[in-house]
Amino acid sequence: RKRERNISGLLRERLPKDILALLKNAGKLGQKLGYAVYVVGGFVRDVLLKHPNTDVDLVVEGDGIAFAAAMTREMGGRYKAHPKFKTAVVVLPSGQRVDVATARLEYYEYPAALPTVELSSIKMDLYRRDFTVNALAVHLSPDRYGELVDFFGAQRDIKDRVLRVLHSLSFVEDPTRIVRAIRFSERFGFRIGGQTDRLIKNAVRHSFFHRLSGSRVFHELQLILEEKTPLACLRRMHDYKLLAAIHPLLALTPPRETVLMEVENVINWYRLLYIEPQPQAWLVYFLALCSGMDAEQFAVVGKRLNFSKRTAGDIATLRMRIRETAQGLFNWEYHKGPLSELYFLMEPLPVEGALFLMARNPREPLQKYVSLYLTTLRGKRLEITGNDLKGIGIAPGPDYTSILRRVRGSVIDGHAPCRAEQLEMARRLAVGESIESLLARRTSGAH
Ligand code: ATP
């Protein structure tokens with residue numbers, strides 16, 4: 001047997017201790033059960049590329065579900081089996097997820113593979129994968145621990161920074177791989193190999209994409225929109241005429257491109273603020289990709305992407321609320337309303353909607369006001385709570401919400417900055433005084 005490259009040193013150097021221990025234990029466990037165990041796919045690619053990645057995918061030559069069961073017996077945690085696919089997901093006590101798959105030697109499942117009988121089951125497993133760089137495995141069994149399994153020249157491709165499919169029917173088998181090619185190419189700065197590029201163009205020309213289920217297209221689109229550079233990916237999808245192939249309404253028009261560019265700016269700005277929770281970036285980009293559509297067109301796109309009733313409804317509602325909020329903001333700006341009004345306008349809108357509003361209306365001062373809301377107004381804490389209202393003898397009930405809300409409005413407008421004033425304001429509101437008379441009294445008292 002040819003001596004394979006051993007990367008146990010690299011593993012030790014690159015991986016966090018708990019992942020390293022997990023890999024070693026998995027190998028030992030496999031030995032006990034008489035199975036060869038490998039860590040495979042993107043995890044191995046990222047070790048070689050020195051990119052952090054903690055998504056552990058194991059392939060077992062043996063019974064993957066039995067392996068997952070044994071793993072939880074030895075290491076604790078729980079597992080969920082998918083007998084139909086002979087796969088399992090293990091969740092260890094630390095919360096670490098481990099995907100376990102079974103490598104099988106079943107001739108009829110691999111019409112594209114030729115000399116089937118000569119293939120070991122790990123080779124068959126790797127042959128089903130999308131690109132050479134994702135088709136690497138590392139032996140975990142103690143006697144071969146760290147040995148790299150590279151049947152398809154993945155190490156050379158990583159060195160040359162090129163994405164290549166494993167065989168010419170790859171995109172026929174699964175056209176979503178086209179989107180994946182673009183995503184990995186942008187993420188790692190790899191080019192798409194010449195032959196692979198021709199196969200993509202051929203697949204698009206023959207409309208393979210039309211056959212694809214909406215859910216699969218949407219899943220890959222969502223992954224694109226979660227990358228660091230979605231717009232670059234979308235442009236390349238556009239160059240391959242992929243967006244229009246998914247649906248003509250999704251074509252990348254110049255106005256949409258402008259909105260997407262602004263979304264990228266706004267998302268990057270917001271990420272740097274480290275405000276938890278971080279927004280679902282894909283949703284903001286998706287709103288931009290659907291900008292300019294009316295409700296009916298959006299419904300058509302939702303159908304093509306096989307949205308559940310609920311998802312379709314949620315996004316359609318969000319689009320409507322964004323439009324209403326924009327209208328409200330224009331009015332507010334026009335009559336120069338108080339900040340509290342801005343606050344109450346923006347408050348019901350999820351952060352994704354607020355970010356989209358900023359991107360869609362990049363002009364000052366609107367963008368400035370939404371960012372003021374996101375960075376300052378939204379986080380303003382009251383010095384009093386419902387407990388304090390109880391403490392000063394206000395009967396608990398639905399009034400609490402409305403009283404606290406009105407106090408909050410005043411605080412945002414710069415009145416009642418301290419706790420005592422907020423309490424006093426709450427007390428007077430509770431006995432039916434209006435905010436206006438209260439504020440009038442404060443002002444005259446100050447004179
Ligand atoms: P990421 O870093 O984005 O998670 P990944 O390479 O880990 O990328 P996953 O989508 O998690 O990608 O898939 C895990 C592995 O499964 C990939 O490395 C690849 O080998 C294989 N794979 C995933 N999707 C496909 C597909 N459509 N066709 C063939 N193989 C696939």
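In the predicted model, helices H8 (176-188) and H10 (214-225) pack at an angle of about 5°, with their axes 10 Å apart, where axes are lines fitted to C-alpha atoms, for helices over the stretch in contact, and angles run from 0 to 180 degrees between N-to-C directions. Because angles under 35 degrees count as roughly parallel, H8 is roughly parallel to H10. By class, this contact of H8 with H10 comprises three nonpolar, one polar and four charged residues, the nonpolar class being Ala, Val, Leu, Ile, Met, Phe, Trp, Tyr, Cys and Pro, the charged class Asp, Glu, Lys and Arg, and the polar class the others, Gly among them. On the H8 side the residues are Thr 176, Val 179, Arg 180 and Arg 183, and these meet Arg 216, Glu 220, Leu 223 and Ile 224 in H10, contact being defined as heavy atoms within 4.5 Å. Helices (H or I, at least four residues) and strands (E, at least two) are DSSP runs, numbered from the N terminus.

Residues are numbered from 1 along each chain as its sequence is written. As the model is predicted, local features need pLDDT of at least 70 and side-chain atom pairs count only at pLDDT 80 or more, whereas totals for chains, interfaces and linings use all residues; side-chain values use heavy atoms, with hydrogens and water left out.

Both H8 and H10 are among the elements that cover the buried residues of H11, together with helix H12 (242-246), helix H13 (254-272) and helix H14 (281-289). In helix H11 (residues 230-239), the buried residues are Pro 230, Leu 231, Cys 233, Leu 234 and Met 237, with buried meaning under 20% relative accessible area (1.4 Å probe, protein chains only). These residues lie on the same side of H11, because they cover an arc of only 155° around the axis, as judged from the directions from the helix axis to the C-beta atoms. Just after H11, Lys 241 adopts a positive phi of about 60°. A further buried residue, Thr 196, has a relative accessible area of 2% and is placed in helix H9 (residues 194-205). Leaving aside residues up to four places away in sequence, Thr 196 touches Leu 163, Arg 164, Val 165 and Phe 171.

Seven strands form an open sheet of mixed pairing, in the order E3-E4-E5-E2-E1-E6-E7, two strands being taken to pair if DSSP finds at least two bridges between them. The edge positions belong to strand E3 (78-82) and strand E7 (148-149), each of which pairs on one side only. Strand E4 is largely enclosed by the rest of the structure, since four of its five residues are buried. E4 runs antiparallel to E3, to which it is joined by five bridges, and antiparallel to E5, to which it is joined by four bridges. Val 90 in E4 stands opposite Tyr 79 and also opposite Val 98 in E5. E3 and E4 form a hairpin with four residues between them, and Lys 86 in that turn has a positive phi of about 55°; in the hairpin of E4 and E5, five residues lie between the strands, and Gly 95 in the turn has a positive phi of about 95°.

Elsewhere in the sheet, strand E1 (residues 36-40) and strand E6 (residues 137-139) run antiparallel and are joined by three bridges, with Ala 137 in E6 as the bridge partner of Val 40. Helix H4 (residues 64-75) packs on the sheet, touching E1, E2, E3, strand E4 (87-91) and strand E5 (97-102), and its direction makes about 170° with that of E3.

Conventions. Buried means under 20% relative accessible area, exposed over 50%, partly exposed in between (1.4 Å probe, protein chains only). Angles under 35 degrees count as roughly parallel, over 145 as roughly antiparallel, 65 to 115 as roughly perpendicular and the rest as oblique.
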